[in-house]
Amino acid sequence: MEYRKGRHVVSALHVHLVFVTRYRRGALDDDALSRLRDTFAAASADFGARLVECDGEADHVHLLLEYPPTVTLARLVNSLKGVGSRLLLRDRPELRRFAQKGLWSPSYFAASCGGAPIEIVRKYVANQRSAT
């Protein structure tokens, strides 16, 4: 695992995100997913984050991001969804029929990931003062 080093912090923050199209409409084909991948990578870089992986199906997209501790996850998600939707609909106007109220559902899934499993971390923290 690589650590991100700043002036006063060392971090390794990864998040798994899932964005679902509004009403689970199957609007995303291979070309749309490819365009979104490029857009998400560029938008992530604007926040100092890195898109590690991105793929999906017709009605949702999965992202794995590594991001700095200075970034608020909600702001990053808002930017990714907004920029992704805007640029995809600009480049692929035929998809507007799926996006009359927006391409994405207003909700999203986020889960932290990477490092040790939570049970091992819990035991490590619980045993800080006890002899091992």
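**Notes on the predicted model**

1. Let's start with threonine 21, which sits in strand β3 (residues 13-21). Helices (H or I, at least four residues) and strands (E, at least two) are DSSP runs here, numbered from the N terminus. Please keep in mind that this is a predicted model: local features need pLDDT of at least 70, side-chain atom pairs count only at pLDDT 80 or more, and totals for chains, interfaces and linings use all residues. Residues are numbered from 1 along each chain as its sequence is written, and side-chain values use heavy atoms, with hydrogens and water left out.

2. Is threonine 21 buried or exposed? Threonine 21 counts as buried, at 2% relative accessibility. The cut-offs are under 20% relative accessible area for buried, over 50% for exposed, and partly exposed in between (1.4 Å probe, protein chains only). Leaving aside neighbours within four places in sequence, threonine 21 is in contact with Leu28, Ala58, Asp59, Leu103, Trp104 and Ser105. Contact means heavy atoms within 4.5 Å.

3. Serine 85 belongs to helix α2 (residues 73-91) and is buried, with a relative accessible area of 13%. Not counting residues up to four places away in sequence, serine 85 touches Leu103 and Trp104.

4. At 53% relative accessibility, tyrosine 23 counts as exposed. Arginine 24, in the loop between β3 and α1 as well, has a positive phi of about 55°, again without being a glycine. Arginine 24 is partly exposed, with a relative accessible area of 48%.

5. How many salt bridges does the structure hold? There are 11 salt bridges, each defined as a side-chain nitrogen of Lys or Arg within 4 Å of a carboxyl oxygen of Asp or Glu. One of them pairs arginine 4 with glutamate 66, with the closest N and O atoms 2.8 Å apart. This pair links distant parts of the chain, 62 residues apart: arginine 4 is in strand β1 (residues 4-5) and glutamate 66 in strand β5 (residues 60-67). Arginine 4 is partly exposed at 25% relative accessible area, whereas glutamate 66 is buried at 11%.

6. Glutamate 66 has another partner to check. Arginine 50 forms a salt bridge with glutamate 66, and here the closest N and O atoms are 3.9 Å apart. Arginine 50 lies in strand β4 (residues 50-57) and glutamate 66 in strand β5, so the pair ties together parts that are 16 residues apart in sequence. Arginine 50 is partly exposed, with a relative accessible area of 46%.

7. Salt bridges that share partners also join Asp29, Asp31, Arg35, Arg90, Asp91, Arg92 and Glu94 into one network. Within this group, the side chains of arginine 35 and aspartate 31 meet in a salt bridge (2.8 Å, N to O). Both lie in helix α1 (residues 30-46), four residues apart, about one turn of the helix. Arginine 35 is partly exposed at 31% relative accessible area, and aspartate 31 is partly exposed at 34%.

8. Which residues line the largest pocket? They are Met1, Ala12, His14, Ser112, Cys113, Gly114, Gly115, Ala116, Pro117, Ile118 and Val121. A pocket, on a 1 Å grid over the protein atoms alone, is an open set of points where a 1.4 Å probe fits, with protein on both sides within 12 Å along at least five of seven lines; lining residues have an atom within 4 Å of a point. The elements giving two or more residues to this lining are β6 (104-113) and α3 (118-126). By class, the lining has seven nonpolar, four polar and no charged residues. Nonpolar here covers Ala, Val, Leu, Ile, Met, Phe, Trp, Tyr, Cys and Pro, charged covers Asp, Glu, Lys and Arg, and the others, Gly among them, are polar. About 170 Å³ of space lies in the largest pocket, where grid points are joined across faces, edges and corners and the volume is the space filled by probe spheres set on the points.

9. Finally, the record: an unreviewed UniProt entry carries the annotation "domain: Transposase IS200-like" over residues 10-128. Such annotations may be inferred rather than shown by experiment. In the model, the end C-alpha atoms of residues 10-128 lie 21 Å apart, and the span is 38% helix and 31% strand.
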